[in-house]
Amino acid sequence: MPFPASWIKERLVQSRDAGRLAHAYLLTGSSMDDLERLFRELAGALLNSSASEQREHEDLHVIRPESKSRRLGIDQVRSLEKELRLKSYRGGLKVAGIVAADQLCQGRAEAANAFLKTLEEPPDHSVLFLLSDRPEQLLPTIRSRCLTLPLQKEGQEAPTAILPPDWLEAWHQAGHDSADAAYRRASLLQELFRALREAAESKFSDHPDGSKEEKDALAALIESEFIPLRDRALSEIISSTWSVTPREFALFHGGRICLALDDLRYALSRNIDQSLAIDRACLKISGLI
């Protein structure tokens, strides 16, 4: 579920104040101009600088596609990493933006593989923002190491929630770092996905399924209905987690929950067995793996 820019900025500032910033965020949306505008606002909040000051801010580094091929090159990545390894000029955070980050993965993806090392061993006191309007083109290893924040287009109304409040309440109250908590959350997700699939199937209850072609077509229609519902449900859980008060956020290890659910969403998109993916995500949420 996309988030308004104001909401993303507010949560980032809360995370900064609580000392809980992720080391890398993936900002996604349909407009690169909107994503870059949001990135500048977030960078300004972290660096305590205005838009006019950012142009000459020594601790802000931005790379973007430059050559005729519109790719991000390995030299750009290495130069960025070198800058981030240096001590902060102003004694605070260092912020990096990778505009059109999906362009890291073009061709042999050498730039992406080089950048992966930065994500695996992020420099101290640095925050990375990857901007992409085609995040599906990023390597899974890059996506899995970022906290994804989809941006809601300006003027776009938020879709109607599909998760009832009592389900979310049960999710948040499942418990803390224990195997029982992981089991309860896994059961909730299994039941939720089962209900969403049944809802998808009910939409095509009168579809013919006599021949193999008709059965294949029906299966495809159901998947096309179920997968967006599943992804929206996961986004709503992430949104709800981010929306709790700072104290509750710390109590339920919100950052870990969001990262684990984002990993789950991506694992399911790659057709990994649903039960195994859910179990793994819930064990990660409970800090057991």
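Colleague: Which exposed residues does the face of H4 turned away from its buried side carry?

Modeller: Asp75, Arg78 and Lys82. Exposed means over 50% relative accessible area, buried under 20%, and partly exposed in between (1.4 Å probe, protein chains only). Helices (H or I, at least four residues) and strands (E, at least two) are DSSP runs, numbered from the N terminus. This is a predicted model, in which local features need pLDDT of at least 70 and side-chain atom pairs count only at pLDDT 80 or more, while totals for chains, interfaces and linings use all residues. Residues are numbered from 1 along each chain as its sequence is written, and side-chain values use heavy atoms, leaving out hydrogens and water.

Colleague: What puts the buried residues on the same side of H4?

Modeller: The buried residues are Gln76, Val77, Leu80 and Leu84. They cover an arc of only 100° around the axis, so they lie on the same side of H4; the arc is that of the directions from the helix axis to the C-beta atoms.

Colleague: Why is His125 called exposed?

Modeller: Its relative accessible area is 60%, and the cut-off is over 50%, so His125 counts as exposed. His125 sits in the loop between H5 and strand S4 (126–132).

Colleague: And why is Ala100 called buried?

Modeller: Ala100 has a relative accessible area of 14%, which is under 20%, so the term buried applies. Its place is the loop between strand S3 (94–98) and helix H5 (110–120).

Colleague: What makes S1 and S5 a pair?

Modeller: Two strands pair if DSSP finds at least two bridges between them. Four bridges join strand S1 (residues 24–28) to S5, and the two run parallel.
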